[in-house]
Amino acid sequence: MSKVILQVEDLRSYFFTRKGVVKAVDGISFYVDEGETFGIVGESACGKTVTALSILRLLPEPGGKIVSGKIILDGTNLVELSKKEMRKYRGKMISMILQDPMTSLNPVYTIGDQIAESVRLHQGLRGEMVEQEVISALRLLKIPSPEVILRQYPFQMSGGMRQRVVGAIAMSCRPRLLIADEPTTALDATIQAQYMALFKDVQKKTNVAIIYITHDFGVIAQMCHRVAVMYAGKIVETATTRELFKAPKHPYTSALINSVPRLDRKDARLYSIEGQPPSLMDLPPGCRFAPRCPVVKPVCREQEPPEVGIGYGHSVSCWRAK
Amino acid sequence: MEDVLLEGRDLKKYYPVTKGLLQRTVGWVRAVDGVSFKVERGKTLGLVGESGAGKTTTAKAILLLERLTSGNILFEGKDLYQFSQSQLKTEYRPRVQSVQQNPWSSMNPRMRVRDIVAEPLVVNTKQSKKQNQSRVLELLEQVGLNSGHAELYPHEFSGGQRQRIAVARALALNPSLVVLDEPVSALDVSIRAQIMNLLKDLQEQYNLSYLVIAHNLATVRYMSYNVAIMYLGQIVEYGEAEELFKRPLHPYTRALMSASLLTLPEDDGQGTEQIILSGEMPSPLNPPSGCRFHTRCTEAAPKCSQEVPPLRNVGGGHEVACLRV
């Protein structure tokens, strides 16, 4: 039995703007085990990234705020920590990889300096020890000839190699939890395949728990053990990856899976979901997917569906689910 | 009998690399290096490849946004470079339109939708304002928008709706060919299907030809009749989409397919093993000798680094450039 490393309970993160309250994340719960990859999939503005930023307590201020809920990392509720205490967790216990390696690296520092910064800050190492740690982080991400690379600048590297460097920074302090926010979206297909294989290997070696945020079901299928599907600030379905693809229970999940063209068969016509996601400032009453749902019932437009468990590790928020 | 609308013959585009005070040319970036293809009337040709493969340069050459280093483009059998400027303006440009990848940067934010869609009509026809406006409303309806949208500005629309506006603008002059450069990659998953279905419906309705550029194989398979797989400025495999995806022959095509196949967890172990290429695409400034793919190929033989593989027909119009096939 593996140990739960992160438990999120009824998390609500709102943005308070002049025009009104944006309910970016509105009551989500999930857990992540040690050594597990947990996927969060959804379209833009469904709350994936805000979930990640909430866990790191990095919501943009002023405006962004965790309104309620618990984020328990290895027994500590991160929501209750002071800013100073939280700083000890970031980088050391939890780290993050962002989508675009062009903007997440500093162009005027060498690769070595950028990894060393995190090693000095979080592990308190000095002198030769720092360089050793930097090299071991580069080795972990299988970056060729690390002794040479650490004196290079980001512009001297390709996109795939830069994203490995970002991975090396994130893994340099051997965190317990890694949040990867669309880490391969900016990469080419063959490089993406390399990167994903690399991360599976890193996970095997370090037993790190990964939260993998993406909009791509192909990536989910290859990387994740369990998945949560988000829509308009809520998790509509959570299941093991196998279950989710084999027997999706929420109409949004099955619509999403069916609207992606497949390479292994010729589709006559793609299934398409009409309309667009609702504004997070002006949510419909009842189920948030009801206005676009092909199998909507009267109750869906009036009451929010509760989350119901339907078998091992599979839960769904839909009035139709049994 | 195939009815060819546009044909590219041995297209080459080299960009000079200059150095020093006198801007001496010290090398060439071979962005497109000997590419030939045909776009049939009413059908779609898909160009697939990773960044730097030369897809967009090929599209730019067709749209006459780049002058080729060598090669010919034939439109309905006539060589474009023999056209005079005025002929191009009346006989070619209005009939070849494009839709760009990013609907946030392809429209002037200060223009209303009705003016954006009417722009090609204003430039290319002598119709009255009234005629233009009724045509705009007709176009908006065709792409699934309504007359109320005509008075709005681009920022008032979502990405999918903006891409619909871009499609309406491209159709304004009743073109024969529309170049679609990554038409859905900037959109959300649930919106992509809407736009792809719309494009297919319009194609059927108006017998349009499309040149679709995409890096996503599944998108291309869904959209295209013919497919060309590009690597480092060259076509490595070409054929009808059905045939090519059922029987991929080039190792690069197979690796690409393996990388983008939706492998379900239950296929573990029994499905085809994933091919993971090592290394990255070499620089087009100094492409490898012989087969350009041999540095990353899982099946490379010694001869691959010496001999340049020609694009050979292996039956049924399926062409492949590999010495080992």
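**A–B contact.** I started with where the two chains touch: 34 residues of chain B are in contact with 37 residues of chain A (contact: C-beta atoms, placed from the backbone, within 7 Å). This is a predicted model, where local features need pLDDT of at least 70, side-chain atom pairs count only at pLDDT 80 or more, and totals for chains, interfaces and linings use all residues. For my own bookkeeping, residues are numbered from 1 along each chain as its sequence is written, chains are lettered from A and ligands numbered from 1 in the order in which they are written.

On the chain B side, I find α6 (189-206), α7, α8 (241-246) and α9 giving two or more residues. Helices and strands here are DSSP runs (helices H or I, at least four residues; strands E, at least two), numbered from the N terminus. α6(B) gives the most to this side, with 6 residues. I sorted the side by class and got 17 nonpolar, 11 polar and 6 charged residues (Ala, Val, Leu, Ile, Met, Phe, Trp, Tyr, Cys and Pro are nonpolar; Asp, Glu, Lys and Arg are charged; the others, Gly among them, are polar).

**Helix α9 of chain B.** Next I checked burial in residues 251-260: 9 of the 10 are buried, so the helix is largely enclosed by the rest of the structure. My cut-offs: buried means 20 or more other C-beta atoms within 10 Å of the residue's own, exposed 12 or fewer, partly exposed in between. The buried ones include Tyr252(B), Leu256(B) and Met257(B). What covers them includes pieces of both chains: α8 (189-206) and α9 (217-223) of chain A, plus α7 (217-223), β9 (226-231) and β10 (234-240) of chain B.

**Domains of chain A.** I have domain 1 as 4-93 + 176-317 and domain 2 as 101-174, with bounds from an automatic or database domain assignment. Their centres, taken over C-alpha atoms, are separated by 29 Å. The contact takes 13 residues from domain 1 and 14 residues from domain 2. α8(A) gives the most to the domain 1 side, with 7 residues. By class, that side has 8 nonpolar, 3 polar and 2 charged residues.

- The peptide bond from Glu61(A) to Pro62(A) is cis, omega near -5 degrees; Pro62(A) sits in the loop between α1 (48-55) and β4 (64-73).
- Asn207(A) is not a glycine, yet has a positive phi of about 60 degrees. I place Asn207(A) in the loop between α8 and β8 (209-214) of chain A, partly exposed with 13 other C-beta atoms within 10 Å.
- Asp10(B) has phi near 50 degrees, again positive in a residue other than glycine. Asp10(B) lies in strand β1 (residues 4-19) and counts as exposed, with 12 C-beta neighbours inside 10 Å.
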